[in-house]
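Open the model in your viewer and keep the selection panel at hand.

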Amino acid sequence: MYTVFAWEAYASGFPGCERMFGLFSAAEALKARGMRVTPQRIAVYNVLKATDDHPSVETVYERVRSDCPSISLNTVYTTLCKMAEIGLIRPIDAGDGLCRYDGNPHPHAHVVCTSCRRVEDLDVRIDLDEKEAASRSDYTIDDVAVYFYGKCADCRKLSNRSIRSI
Ligand SMILES: [Zn+2]
Ligand SMILES: [Zn+2]
């Protein structure tokens with residue numbers, strides 16, 4: 001069985017391994033995955049690790065410029081692509097066509113607001129059978145992503161207000 005679970009549950013299941021990974025500096029994390037360490041890569045990685053709002057490439061670019069004013073959007077884009085390729089970060093598809101990333105590379109569920117496209121981590125446990133998925137599809141299964149879609153509290157408040165004002 002393949003299980004999507006909360007980050008805390010994952011970390012506690014692998015004491016001394018994932019918890020230690022959390023203590024790694026950005027440079028150590030990059031080195032551990034065979035990625036050359038540059039100040040720009042460290043800055044991009046730190047921006048992503050400092051947040052859980054699943055930012056787009058453009059948002060990472062805006063945030064990283066305070067540390068690296070000379071960095072280009074293209075460098076941020078290629079750095080994030082490369083980090084996702086080697087499993088250091090995770091790509092997020094919120095259905096808005098933006099390229100978003102998650103600093104937590106471990107499988108966990110997300111909830112997406114269909115109005116403002118906010119993406120949040122969701123602490124739910126879902127059992128998915130990767131062997132069954134593999135046998136039914138004749139694919140090898142490398143990963144799984146679970147998204148729940150709905151309206152966030154802020155957007156519900158806004159739509160209630162606009163209904164009342166009609
Ligand atoms: Zn919303
Ligand atoms: Zn996440």
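Angles under 35 degrees count as roughly parallel, over 145 as roughly antiparallel, 65 to 115 as roughly perpendicular and the rest as oblique. This is a predicted model, in which local features need pLDDT of at least 70 and side-chain atom pairs count only at pLDDT 80 or more, while totals for chains, interfaces and linings use all residues. Residues are numbered from 1 along each chain as its sequence is written, and chains are lettered from A and ligands numbered from 1 in the order in which they are written.

Select residues 39–49, which form helix α4, and then residues 57–64, helix α5. Helices here are DSSP runs (H or I, at least four residues), numbered from the N terminus. The axes of α4 and α5 lie 10 Å apart, at an angle of about 110°; axes are lines fitted to C-alpha atoms over the stretch in contact, and angles run from 0 to 180 degrees between N-to-C directions. The two helices, α4 and α5, are therefore roughly perpendicular.

Next, show side chains at this contact: A43, V44, V47 and L48 on α4, with V60, R63 and V64 on α5. Contact means C-beta atoms, placed from the backbone, within 7 Å.

Key: Contact = placed C-beta atoms within 7 Å.
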